[in-house]
Amino acid sequence: MPKQHTINLEAVIKAALDKNSEKIIDDFEKKITEPKEINIKTDEASKQVKKLSDEIEKEQKKHTQTSRKRNKTKTATEQSTPKNADKYVQSTIYDKKGRPSTSHSYTYADGKQQSYNKNGKLTSEKQTVVDLQKAYSQLNKDVTEYYSLKTKEAKGKVATEDKQYVKGRISDLVNEMSANRKYIADAKKQGFYNDELEQKAFNHFRRKANGYNTYVDEKNATIKAYGNDDNTAIRQGQRSKQLSNYAGQSTDAIERARTLDTTITGLEKELSNLVSSGTSMDQIKSKFDECTSAGKEFKNVMTLVNSTMEKTSKKDTVIGDSNAAKLQNAIDKKVAQAKNLVSDSSMKQFDAKVEKLKSQYAGQDGSADVLSSLEKIVNTIHDKQASIKAELAKGSSGNLTQIASDADILNAKLNEVETTAKTLGTSLSKNLDGTTLQRTIDKIDNLVKNSDGFASKSQLEKLKTLRDSYTNSDSGITKAVNYDNSKIISNIEQEINARKKLAEVQKELQTGTYSATEAGYKNTLSKYVGQTSESLTRARESLKQFKEIREDFQKSLKDTNVSDLSDEEVERLSKNLQKMTEEEEKYKTAIKQVKAEETATLAPGVALRASNEMQSYINNNSKAWKKYKAQLEEVRDAYKNVTTEGQKLEVDAKARDLKAKISAEGLTGANIWQDTKRAINQIAQFTGIYGMLQNVVMEIPSKVVSNVKEINDAQIELAKVASDASESQLSQYWDKAAESAKKYGATVSDVISSTADWKRLGASLDDAKELSDMTTLLQRVGDNMTQETSSSGLISALKGFQLKADQAQHIVDVANEVANTQPIDTAGIFEAIERSASSLKAAGNTYEQGVALASAANSVIQNPEKIGTALKTISMRIRSAETDLEEAGLDTEGMVTSTAKLRKEMLALSGVDILKDKDTFKSTYQILDELANKWSDLTDIQQADYTCLYVQKCA
């Protein structure tokens, strides 16, 4: 029969309580090498457990009495209860026979360590290297001293001779605090910590920091108020008034006062500029100190003047009308503002708002600190209101400068209340009101309605579940919950919109839009074949990426229903679409840079050096002269005529090609007969023959040569893009181009280049010629119009309003007539039309109506660029075209997405209906025209509400 063993139940319980109990038990089992029958004597174990408990309690009482004698400030609970210890360690060891021996160690915040044996008897007590109480105590002292010195420094109460010491002491305190925090952090890593001391230290730091920061904020507000233009005007007026009492008199004191007045005026102007420009507070404070120092000296000097001089008669002390008016205007403005801030209605309204905030958030977790801070701000506001009321009650004898300063500080504190309200609203939960709930319900309904079959079954079910939670009165939708739900709705909307965009891509692939765009870009780059530059390399790489992504779309979306695509595939294709858009923008940017480089003027001597280098090549490679004489001379002479970087790049490409061909045919190197001929020419040059010929050639006007070259380049460019035209058609066109140039006072090369631009856009040769004429005409008759802006303006009007080529004359006539009679020039009209044409057309407006809207708006705003963007935004917002706005990069925040709701609110405000019937919008022009007839009948509030609703920024 196996040998029986009796196990001490106390050791088993202790091991089970230890956090490493499993390991201990495993080790214990390994020590038993033979089969054993374990027999636990429960009666004996119970007695042992009770005995152990009694001994621990007895020892704890004994230790408590000893501790009270050592430190009367600590309670028995703090000295004996393990839960107050910063670190507790239980250790269990086994002897050779497998018998456990357990000890317990407690380390307290004061660094004291106490050890107990298994019977609860205190076996040792010692100080350790970790003393958290000392560390936190020193940290709190350093924080107190640090902010005390910082506050004294901010208040200017540090003596000059002590400033260096204070600065050094502050630096030392920062180092001491950092060292203490590191000591505490290292102790925690070892297992020593005390949450109570940590929380107390944090609260102490926050109180001291808040006190200092509140003073600094108020001082900064005071300084900025001092730099306010109105306050500056008041002080200047007061100084002028004091000095005017001694007009016509001259003493050292009065002259010093006048000099100080001029100095202070200059300093105050500099301070005002610093405040308005948002300069750092250090610079503002420095300038403020200069102002106040000079102001104090002025006050002391005037005190001396007032006590030693008699005032000039009143008729000689009148302040200049302009200064008096300026002073009075500033005083009236500031006093009116101050009266409004401390009026009974304003104070009552403010107090009601504060009480509402308190009632909404009081008692919630996390609200105590914010509401406590709010209470301090409110007290400051009440103090400033009382101060202003007291000064106003004095009438004309009141301290106007103090009123101005207090009014500005009061405004700043009122803004802090608004910030606190926002903090509470975003950080604490509060059930939403019915209007907000309905807004979310409407958003869900509109999302489902406008999903157009692109929402999956799971998405529709999720939206239904969310909608039910908003209609259920017991759901208790808080702002936090609504925020999370809004993100879910937004994600679903993004997924649906992603599928919609892919469907649009699929449609454009089918119609060949992307292929046509790619072909256009490729055609543009073809002009630079053989040329190299960083910009061209970027453009070519971006076009390559664009093509690869387009081909991937072509493959992925061919014969595919977008609704059936997996979420992963939609995400992949959406990223590709974004990348393709980015690459397209990179391409456009690079091409702009290429064109800018083309037009960049060459540095002096570059063209001549290039021509000389080509001549040197000819001289050194005379073998090629016989066969390639004409080409070599053409390149050499072409270098002489280049004036821009682009022109030089073209000639460089021709030179490279020609040199490569010569090298391939083995014609590099000198030919003896050509060298001899060249030598003879050089001898002739010395005799004057070559020089005489050279003088004759140089008399040819270089301008004529340049013009001929430009015409030739333009003809070559047109021939490239007009590949469908016959030689006879082109020949006839050259004559017509010359006639058009003569008729409109333009150069032949400009006319031909313009025709090539229109031909490149897909027009026939005849239409391109007609559009070129209109472009040239617009350039000549329009205000501030160039060939480029005339071309882009006509393109925008034709494409945006979907007009035909034969209507170009009408476009020019309308723009010219309006520019001649209205406060907008031709360039402004087309700048606005370029930004809004497509949107205005989509909103049912004609070209004439678009020009009318632009010119009417410009009479007020005088900014065609903003007007064009505004017309585009308004026309989209009226039609609730949120997707179009997002694609155009325009703000959609707060817009009304329900046409019915927008229509109802507009009718209620003004009686203007945005719809002709239930299915058709009125044009933007008609809506504004009808509103204009009723505008004068609306109140200011209605006009503000209508404007807000019309642009939908607060709908």
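A residue counts as buried when its relative accessible area is under 20%, and in this predicted model alanine 638, with a relative accessible area of 18%, is therefore buried.

Helix H21, residues 606–620, and helix H22, residues 625–641, have axes 8 Å apart and pack at an angle of about 170 degrees. Because angles over 145 degrees count as roughly antiparallel, H21 is described as roughly antiparallel to H22, and the crossing of these two helices is left-handed. On the H21 side the contact is made by Ala607, Ala610, Ser611, Met614, Gln615, Tyr617 and Ile618, while H22 contributes Trp625, Leu632, Val635, Arg636, Tyr639 and Lys640. Sorted by class, this contact of H21 with H22 has nine nonpolar, two polar and two charged residues.

The axes of helix H30, residues 787–800, and helix H32, residues 826–842, cross at roughly 15 degrees and come within 8 Å. Angles under 35 degrees count as roughly parallel, and H30 and H32 are therefore roughly parallel to each other; H30 passes H32 in a left-handed crossing. From H30, the residues in contact are Thr789, Ser792, Gly793, Leu794, Ser796, Ala797 and Gly800, and from H32 they are Phe830, Ile833, Glu834, Ala837, Ser838 and Lys841. By class, the contact of H30 with H32 has five nonpolar, six polar and two charged residues.

Helix H31, residues 808–821, holds glutamine 809. With a relative accessibility of 31%, glutamine 809 counts as partly exposed, because that class lies between the limits of 20% and 50%. When residues up to four places away in sequence are not counted, glutamine 809 touches Met774 and Leu777.

Along H10, the buried residues are Met281, Ile284, Lys287, Phe288, Cys291, Ala294, Phe298, Val301, Met302 and Val305.

Conventions
Residues numbered from 1 in each chain as written. Predicted model: local features only at pLDDT ≥ 70, side-chain atom pairs only at ≥ 80, totals over all residues. Heavy atoms only, no water. Buried < 20%, exposed > 50% of the residue type's maximum accessible area, 1.4 Å probe, protein only. Helix = DSSP H or I, 4+ residues; strand = E, 2+ residues; numbered from the N terminus. Contact = heavy atoms within 4.5 Å. Axes fitted to C-alpha atoms, helices over the stretch in contact; angles between N-to-C directions. Parallel < 35°, antiparallel > 145°, perpendicular 65-115°, else oblique. Left-handed = near helix turned anticlockwise from the far one by under 90°. Nonpolar A, V, L, I, M, F, W, Y, C, P; charged D, E, K, R; others polar.
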